[in-house]
Amino acid sequence: MAFNSLPPEGHTPFADSTILIVDDQPENLTVISELLRPFYRVRAANSGAAALRVAATSPRPDLILLDVMMPDMDGYKVLERLKGNPATESIPVIFVTALGAEQDEERGFELGAVDYITKPIKPIVLLARVRTRLELKHVRDWLADQNAFLEAEITRRMHDNLLIQDVSLCALAGLAETRDSDTGNHILRTQTYVNILGKQLQQSHGRYAQELTDARLAMIVNAAPLHDLGKIGIPDHILLKPGKHTPEEFEVMKTHARLGGEAIGTAIQRALKHHGLLQDNTCLPTLDFLYVAQEIANCHHEKWDGSGYPEHLAGEAIPISARLMALADVFDALVSVRVYKPAMPFAEARDIIIAGRGRHFDPDVVDAFIARYQDFIDIAQRYKDDAVNG
């Protein structure tokens, strides 16, 4: 049987495309191969099993022409197996069959076939269908490449933004540290304590699934270094006093929590105003981090029983970020050397934390601390200041 070897008008051959022809009849393989070979690379298989092997090897087919009626494994079964293999699931398949019943076509489309060509084959129809499917695949592959490029670019830019954010945080936190000579590695230790407590709550309390997702916890941990940002606003003669504060001086020291929260809140408002946005009707995920930092700075001295400052919040009215920070901050202060006190033994600090369960601290957070107490000791020793208690 002779065919006109010229492609249809407007045909755009993809000379580097590979087409797999599957048919148990040698004459059909010969006819279709001779028709396609002038324009494409052609591979052939005379059974379903052979088709599965060829489809999974290089060069991977860009399109499969699959006969339906074959012994041992019919085309429907072959298509199911192709779609079930990650290596071949994306290869478009055109059924080539003498079947004409609507239910046969429906079954093929349900299984994932992209088209049907009926026998006897009309060369002009076959070439046109093949061309169309290869063009669609070319566009799909191009879009996939573009999406992969865009995803990689987004990932790179997010990484750059996070790096800038981390550097900015370190600069702000470092600025606060320079005002307080006692801090040492306090920021690093408390940040790590917060992470340990959050991970423990994730594992032991299902009710924290919404409050402490991995993304939310990471945000809290990254914001933790800003908890004492407000100390920048405390006068030197009080902040740097080498000894205990008088009641009046301590009242001034307490204002650092509000000062820190207000500073971050002001920064948020200025950013929104700069971009012509209003806080009340704005939901920007990029600002979530700053809101968490504001919570921590403002509320990390609140107490579970409401006796803390500056808002006298109680219980779960205190953000979970601040409840984590509260325990981490107190434990580190207890076991660290200050100019007015030596480092407290770990066991004694543990007892104080436990005694504060349900009064100073969230009971769940204290339970998490007890479960990870040895980790706290390890962190304190690993990142200890020169005179921290080991």
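The structure is a predicted model, in which local features need pLDDT of at least 70 and side-chain atom pairs count only at pLDDT 80 or more, while totals for chains, interfaces and linings use all residues. Residues are numbered from 1 along each chain as its sequence is written, and side-chain values use heavy atoms, with hydrogens and water left out. Helices (H or I, at least four residues) and strands (E, at least two) are DSSP runs numbered from the N terminus.

- Strand 3 (residues 63-67) has 5 of its 5 residues buried, where buried means under 20% relative accessible area, exposed means over 50%, and partly exposed lies in between (1.4 Å probe, protein chains only).
- In a regular strand the side chains alternate between the two faces of the sheet.
- Leu63, Leu65 and Asp67 on one side of strand 3, and Ile64 and Leu66 on the other, are all buried.
- Strand 3 pairs with strand 1 (residues 18-22) in the parallel sense over 4 bridges, pairing being assigned if DSSP finds at least two bridges between two strands; here leucine 66 is the bridge partner of valine 22.
- Strand 3 also runs parallel to strand 4 (residues 93-97), to which 4 bridges join it, and leucine 66 stands opposite phenylalanine 95 of strand 4.
- From strand 3 the chain passes through helix 3 (residues 75-83) to strand 4 in a right-handed β-α-β crossover, meaning that, with the strands pointing away from the viewer, the path from the first strand over the helix to the second runs clockwise.

**Helix 6**

- The end C-alpha atoms of helix 6 (residues 186-204) are 27 Å apart, which agrees with the 27 Å that its 19 residues should span at 1.5 Å a residue, the expected span being 1.5 Å times one less than the number of residues.
- Among the buried residues of helix 6 are His186, Arg189, Tyr193 and Leu197.

**Salt bridges**

- The count comes to 18 salt bridges, each being a side-chain nitrogen of Lys or Arg within 4 Å of a carboxyl oxygen of Asp or Glu.
- Aspartate 62 and lysine 137 form a salt bridge (3.4 Å, N to O), linking the loop between helix 2 (48-55) and strand 3 to helix 5 (residues 123-178), with the two residues 75 apart; both are buried.
- Arginine 129 and aspartate 115 also meet in a salt bridge (3.4 Å, N to O), and because arginine 129 lies in helix 5 and aspartate 115 in strand 5 (residues 115-118), the pair ties together parts that are 14 residues apart in sequence.
- Arginine 129 is partly exposed at 30% relative accessible area, whereas aspartate 115 is buried at 13%.
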